[in-house]
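Hi,

Here is the structure I said I would pass on. Have a look first, and my notes follow below.

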Amino acid sequence: MKKIYLHEDAIISPLGFTTADNIQSILAKQSGLKLHPNSRFEHNSFYAGIIDDDILTKSFSKIGNSEEYTKLEKMMILAVQAVLDQNTQINLKEIQLIVSTTKGNIDVLMVDSKFPEKRVLLSELANVIQQFFHFSKKPIVISNACISGGLALAVARRFINSGKFKKAIVVGGDLVSEFVVSGFNSFQAISNEPCKPFSANRTGISLGEAAAAVLVSKEKNINEAVSLIADASANDANHISGPSRTGEGLYKSLSTALNEAEVSSSQIDYLSAHGTGTSFNDSMEAIAFTKAGLQHTPINSYKAYYGHTLGAASLLESIILKHAMLKDQLYESLNFETSEIENPINIIQKHQTKNLRYAIKTSSGFGGCNLAMVFKKEIDG
C-alpha cells in the first residue's frame with residue numbers, strides 16, 4: 001500500500017500557537033470566532049476567527065524581524081519552525097517544502113500595504129518561506145480552492161511513493177482578508193452569527209485564518225502512528241461557486257479513495273467533514289455521505305471552532321484528525337443544534353471516546369473540486 005506517515009506538526013490559530021493548545025481549546029469547547037466590525041455588513045460586523053497581530057508579532061520576533069514579513073508569511077513560518085523544533089534531525093537539503101493556500105498574500109494589494117505587489121504571487125510566498133529556512137529544493141505550490149491543504153498532503157503522498165523525494169514539510173495558510181470577506185459577502189454566504197455546520201437552521205459561513213504544518217514520510221519511527229493510505233479527488237463540474245446538488249463529485253472521491261484503501265464504508269470509525277455551514281455545501285455532503293454508506297459514521301466539522309480557513313482548512317483538520325485517532329477521541333461538532341430532515345447523518349454532539357482505526361477527511365471547494373483521504377492508525381505490539 002502506498003502510504004505516508006504524519007509526523008511532527010503545528011497549528012497557528014486564534015485557539016493557540018501549538019497543536020496541543022488547539023486541541024485543549026477544542027476539548028474546552030472554545031471557539032476562535034469573534035465579532036469583528038465591518039461597515040459593509042448589515043449589522044456593521046461579522047463573525048470570524050482572526051489571529052491577534054500583537055501576539056503574532058511577539059511570537060515571530062523570537063525567530064525573525066517581523067517588519068520584513070507579511071502576516072501570512074509570519075503565520076506559516078512559525079508553523080514550519082515549530083515542526084523543525086520538534087525534529088532536529090531534519091536535513092533541509094533533502095526535504096521538500098509543499099505550500100498550500102488559496103489567496104496567499106492577497107492583502108498586499110491593499111492601498112496601505114508596505115509590501116511590493118510582487119509578494120501577491122503564490123510562488124513568491126513559497127520562496128519567502130524557502131529562503132527563511134534555506135530549503136535547498138524548489139518549493140511546490142498547491143492552490144485548488146478550499147481543498148488545497150488536503151490536496152497538498154495527497155501530492156506529498158504521490159510524489160514520495162514515486163521516489164521524487166523521501167520527506168516533505170507540508171504547510172498551509174490563509175487570511176481573513178478584505179478581499180475574501182467581500183467575496184463571500186457578495187454571495188450572501190456569511191452568517192450573521194457563529195456558523196452552525198450541518199444544523200437545519202444554519203445561516204452561512206464564518207471565515208477564519210490559520211496556518212498549519214506537518215512533516216510526512218514513508219518511515220514509521222514510533223510505535224503508534226497515523227498514515228495516509230489513500231486519497232482521491234474529483235470535480236463535479238457544476239458551477240464556479242455552487243456544489244453539485246447530487247453530491248456526485250464528493251461521492252466519487254469517497255468511493256475511489258475507499259476502493260484504493262481496500263476498506264469498506266462500514267470499517268470507517270470517524271469522518272471529519274468539510275462542513276462550512278452553508279445551505280448547499282452541507283446538504284451536498286450529507287447526500288454524498290449517504291450514497292457512500294457513511295451516514296451512520298460519527299461525523300463532525302471544525303468550522304465552528306476556527307471558521308473556514310480556506311487553504312489551511314483540510315490540512316489543519318487532518319492534523320486534528322491524526323491526534324483524535326491517537327487519543328481515540330471524537331470531538332463535538334460545535335454549534336450543532338437540529339438535524340436535517342432529509343439525508344440525516346450521525347453528527348457528533350458531545351466529546352466521547354471510541355476506538356479509532358480508520359478515518360476519512362473530506363473537503364470541497366469552489367470550482368466543484370472535492371477530495372477524500374483515508375487515514376489508518378497503526379499500533380505495534
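Let me start with one of the helices. Helix α7 (residues 248-261) lies across β9, β14 (358-365) and β15 (369-379), running at about 135 degrees to β9. A few terms before I go on: helices (H or I, at least four residues) and strands (E, at least two) are DSSP runs, numbered from the N terminus. Contact means heavy atoms within 4.5 Å. Axes are lines fitted to C-alpha atoms, for helices over the stretch in contact, and angles run from 0 to 180 degrees between N-to-C directions.

Bear in mind that this is a predicted model, where local features need pLDDT of at least 70 and side-chain atom pairs count only at pLDDT 80 or more, while totals for chains, interfaces and linings use all residues. Residues are numbered from 1 along each chain as its sequence is written, and side-chain values use heavy atoms, with hydrogens and water left out.

α7 also packs against helix α8 (residues 279-291), at an angle of about 40 degrees and with the axes 8 Å apart. That makes α7 oblique to α8 (under 35 degrees counts as roughly parallel, over 145 as roughly antiparallel, 65 to 115 as roughly perpendicular, and the rest as oblique). On the α7 side the contact is made by E248, L250, Y251 and L254, and on the α8 side by M284, E285, A288, F289 and K291.

Now the sheet. It is open and has 10 strands, in the order β5-β4-β6-β8-β1-β9-β15-β14-β10-β11, with mixed pairing. Its edge strands, β5 (140-142) and β11 (299-300), each pair on one side only; two strands pair if DSSP finds at least two bridges between them. Strand β1 (residues 4-12) runs antiparallel to strand β9 (residues 224-235), and 2 bridges join them. In that pair, I4 stands opposite L228 of β9. Another helix, α3 (residues 71-86), lies across β1, β4 (96-100), β6 (167-174) and β8 (210-217), at about 150 degrees to β6.

A237, in the loop between β9 and α7, is not a glycine, yet has a positive phi of about 50 degrees. L310 is not a glycine either, and its phi is positive at about 55 degrees; you will find L310 in the loop between α9 (303-306) and α10 (313-327). Are they buried or exposed? A237 is exposed, with a relative accessible area of 66%, whereas L310 is buried, at 4% (buried means under 20% relative accessible area, exposed over 50%, partly exposed in between, with a 1.4 Å probe and protein chains only).

Cheers
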